[in-house]
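Here are a few friendly notes to read alongside the model. Take them one at a time, and keep the 3D view open as you go.

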Amino acid sequence: MNVSIIGTGYVGLVTGVGLAQKGHKVFCVDKDIKKVKSINSGVPPIFERGLEPLLDKLVKENQLTATTDTVEAVKSTDVTFICVGTPSLSDGGIDKSFLVSASKDVSQGLTDKESYHVVCVKSTVVPGTTEDVVLPILEGVGLELGKDFGLGMNPEFLREGVALDDFMMPDRIVIGGSDEKTKEILTKVYENFDSTIMVAEIKTAEMIKYASNSLLATKISFSNEISRMCEKIGIDVYEVMDGVGLDHRINRDFLNAGVGFGGSCFPKDLKALIHFSQTIGVNPRILEAVIKVNEYQPIHAVNILEDMIGRLPGKKIAILGLAFKGETDDVRESRAIPMVKELLRRGAKVVGYDPKAGNNFLREIVNIEIAESVEKALSGSDGCIVQTDWEEFRTLTEEDFLAMRTPIVVDGRRVLNPDEFSRVRYRTIGR
Ligand code: UDX
């Protein structure tokens, strides 16, 4: 099939490359000419493991082309996926302005198109958005739903760092459609994928995305709450969750207690669902608690550190890991942000180290020194918190921490091996 993708951010580009690799002819559209040129030269404007060689191959094979012209792309394709961002507004709701402008551009491409075309939203949008925002724009230019076009919603479940694998080998593919024909066409797009395809109504597909992310975030906050009880009674939350996770109805994934969840999805999607829930008159008690627990966890790590060190004013604290998770330079909603703010508020001096995210972090908080290596961050520090589960930190030994003025460590992600420590004072969350 011929497919156009509107928006070549993280989701759009991975979707475009994935669908082209599965044999579709893909046109990626972006307003930014620099991104378009970069894609056409085989270089992804974003970093995602495995993306570059595949994009390069697909561009050379003419299987994927980028353009700034939405109208042309839509005209020459059968299906359009809208993959634009829906960032948070200050009230927690989603900003639909990119969705609106993309829909307007798509509608222009459809006005003098003879054949049936499916417009499918991949952006994360609260239930009702596809039908309340995109549909009226397409109908507004005189197009008839079911006759000229079909409307779909196909959420993404991509994790940063393994997004391409998640796209090519998904646990499930969720397809929402306005009518049978649309559902059939979207199912055909994914016919070469070895995965369960679930077909649903549009609003259901929209809700599946939010419910999935909220439940995963709930698992994390749940473990974090249990972890604080474990600390009080002298048992280990990881061992507890190993036992809990053996129940196939629960499973062990996303039950790792620590300094909490960050990233571009969980916090934003939870806030959006809370906001949405309130607008329809439902009190989102669990979701609010999930956020509250998550906000507390980085403060809890600081409390543990203070408990071990004593008062913080004037103390130099090293934060290992500034990214929201390991193997990425992304600092969006990283737990290092509230953690560093709290340390500064309590009068500590902070030195941070991250294999990739140092510069990005400086855009969030300027009042921090960024070290070039773990060694430099630890040297002369009075205490240390491990905030990110970078592989690099797993190999740290007692010797590394003995370079500190006082070797006091709070492991916020369970990456260190305390059995090997005899002189380092070590504590972790949930044990
Ligand atoms: C997430 C979802 O997994 C993905 O399906 C969705 O499309 C986008 O959001 P991502 O943000 O890339 O993906 O990160 P993920 O690997 O899920 O981790 C999210 C956060 O939760 C990280 O800060 C991580 O450190 C934290 N986490 C994860 C925990 O604290 N404990 C866990 O057990 C698992």
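1. Buried area is the accessible area, taken with a 1.4 Å probe, that two parts lose on being put together, summed over both. With that in mind, domain 1 and domain 2 bury about 1,000 Å² between them. Carbon and sulfur atoms carry 56% of that area. Please remember that this is a predicted model.

2. Now for the two parts themselves. The domain assignment places domain 1 at residues 2-200 and domain 2 at residues 216-428. Domain 1 gives 13 residues to the contact, and domain 2 gives 13 residues. Between the C-alpha centres of the two domains the distance is 35 Å.

3. Next, look at what links the domains. The rule finds one salt bridge across the interface of domain 1 and domain 2, along with five residue pairs in polar contact. On the side of domain 1 that touches domain 2, there are five nonpolar, five polar and three charged residues.

4. A salt bridge to find in the viewer is the one that R332 forms with E160. The closest N and O atoms of this pair are 3.8 Å apart.

5. Finally, visit D329, in the loop between β9 (316-320) and α13 (336-345).

6. Leaving out residues up to four places away in sequence, D329 touches K356, A357 and N360. The C-alpha atoms of D329 and N359 are 8.8 Å apart, with the two residues 30 residues apart along the chain.

Conventions. Residues numbered from 1 in each chain as written. Predicted model: local features only at pLDDT ≥ 70, side-chain atom pairs only at ≥ 80, totals over all residues. Heavy atoms only, no water. Domains from an automatic or database assignment. Contact = heavy atoms within 4.5 Å. Salt bridge = Lys/Arg side-chain N within 4 Å of Asp/Glu carboxyl O. Polar contact = N/O pair within 3.5 Å; in protein donor to acceptor, adjacent residues only side chain to side chain. Nonpolar A, V, L, I, M, F, W, Y, C, P; charged D, E, K, R; others polar. Helix = DSSP H or I, 4+ residues; strand = E, 2+ residues; numbered from the N terminus.
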